[in-house]
Amino acid sequence: LSDVKNWKLKYADKEKGTKQVEAYIVQQYISNPFLVGGKKFDLRIYVLVTCFCPLTIWLYRGGFCRFSNKRYNSDASEIADNLIHLTNVSIQKTGNYDKRTGGKWDLKMLRIHMISRFGNSRVDSLFLEIQNILVRSINSVKDAMINDAHCFELYGFDILIDNSLKPWLIEVNASPSLSASTQGDYTLKSNLINATLDVVNIERRSNTDQKSIRGFDLVYHDNMENMDFPRRDSKNFLGGICDSS
């Protein structure tokens with residue numbers, strides 16, 4: 001925290017007396033999302049960074065899809081209908097919300113569904129591309145992150161797939177919500193928390209050379225050989241079986 005405070009003070013002194021530049025956010029609406037049952041969805045994927053120097057990234061195999069309540073409609077007259085265009089649970093709860101499923105689908109189920117439509121090879125390429133997006137995103141900001149050898153961060157990545165099977169990064173959430181609204185949610189997130197603590201290895205009880213730990217797979221390390229991205233020949237893990245033992 002002291003480092004952050006010092007940086008802010010230094011930055012404020014540097015900018016004093018200069019004209020402030022107005023900030024803008026540039027966004028693009030993806031009007032051709034890939035649909036399941038006629039409904040729009042996005043993916044929540046979990047990534048654990050145990051160190052920024054050297055950068056060390058772990059990818060969790062489990063995750064889920066969040067669906068809209070209404071069938072997708074790109075007509076301009078429906079653009080203000082959040083139940084069509086936004087998949088956030090807090091928004092979908094205001095509509096015809098399914099409390100049993102929470103409007104969610106396990107990532108493994110999505111992968112199986114897509115394989116049945118497009119085949120193993122195409123879906124493997126898609127999920128590997130998603131995996132590489134996650135790694136490149138963190139790699140792009142690593143030099144701006146304050147590194148503390150005693151800290152780690154769990155991120156929640158939100159990904160949208162369009163109808164040409166191109167993945168788009170929507171946002172990255174630091175310290176994503178781990179509250180559970182369904183039994184499936186509870187199982188996923190409790191296993192995620194347990195696996196995170198095992199990877200972080202606070203009590204130094206496990207072998208630090210492991211590359212797969214309870215559903216987490218080491219997908220990037222600055223010191224690993226052949227870790228150049230983008231990678232087209234590496235193994236993708238998303239939607240695989242998570243070992244909770």
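Entry 1. I start with a term: a polar contact is a pair of N or O atoms within 3.5 Å, where one must be able to donate a hydrogen and the other to accept it. I also note that this is a predicted model.

Entry 2. I looked at the start of helix α4. There a side-chain oxygen of aspartate 106 comes within 2.8 Å of the backbone nitrogen of lysine 108. Helix α4 covers residues 107–118, 12 residues in total. I checked its reach: 16 Å from the first C-alpha to the last, close to the 16 Å expected. Just after α4, I found glycine 119 with a positive phi of about 90 degrees.

Entry 3. Which residues of α4 are buried? I listed Leu107, Leu110, Arg111 and Met114. Seen down the axis of α4, these buried residues fall within an arc of 100 degrees, so they line one face of the helix. Next I asked what the buried residues of α4 pack against. The partners are the strands β1 (41–52), β2 (55–67), β3 (104–106) and β4, together with helix α5 (120–139).

Entry 4. I moved to aspartate 42, which lies in strand β1. Is aspartate 42 buried or exposed? Its relative accessible area is 6%, and under 20% means buried, so aspartate 42 counts as buried. I then looked for its polar contacts. Its side chain meets that of arginine 66 at 2.9 Å and that of threonine 87 at 3.1 Å. Leaving out residues up to four places away in sequence, aspartate 42 also touches others, including Phe64, Cys65, Asp158, Ile159 and Ile170.

Entry 5. I turned to the cysteines. A disulfide is a covalent bond between the sulfur atoms of two cysteines. How many disulfides are there here? I counted 0, with a pair of cysteine sulfur atoms within 2.5 Å as the test. Cysteine 65 is buried, at 0% relative accessibility. Cysteine 151 is partly exposed, at 43%.

Entry 6. Last, I followed the hairpin of β4 and β5. Strand β4 (residues 153–161) and strand β5 (residues 167–174) run antiparallel, and 7 bridges join them. One pairing I noted: leucine 160 has tryptophan 168 in β5 as its bridge partner. The hairpin has 5 residues between the strands. In this hairpin, leucine 165 takes a positive phi near 65 degrees.

Notes
Residues are numbered from 1 along each chain as its sequence is written. This is a predicted model: local features need pLDDT of at least 70, side-chain atom pairs count only at pLDDT 80 or more; totals for chains, interfaces and linings use all residues. Side-chain values use heavy atoms; hydrogens and water are left out. Two strands pair if DSSP finds at least two bridges between them. Helices (H or I, at least four residues) and strands (E, at least two) are DSSP runs, numbered from the N terminus. The expected span of a helix is 1.5 Å times one less than its number of residues. Buried means under 20% relative accessible area, exposed over 50%, partly exposed in between (1.4 Å probe, protein chains only). The arc is that of the directions from the helix axis to the C-beta atoms. Contact means heavy atoms within 4.5 Å.
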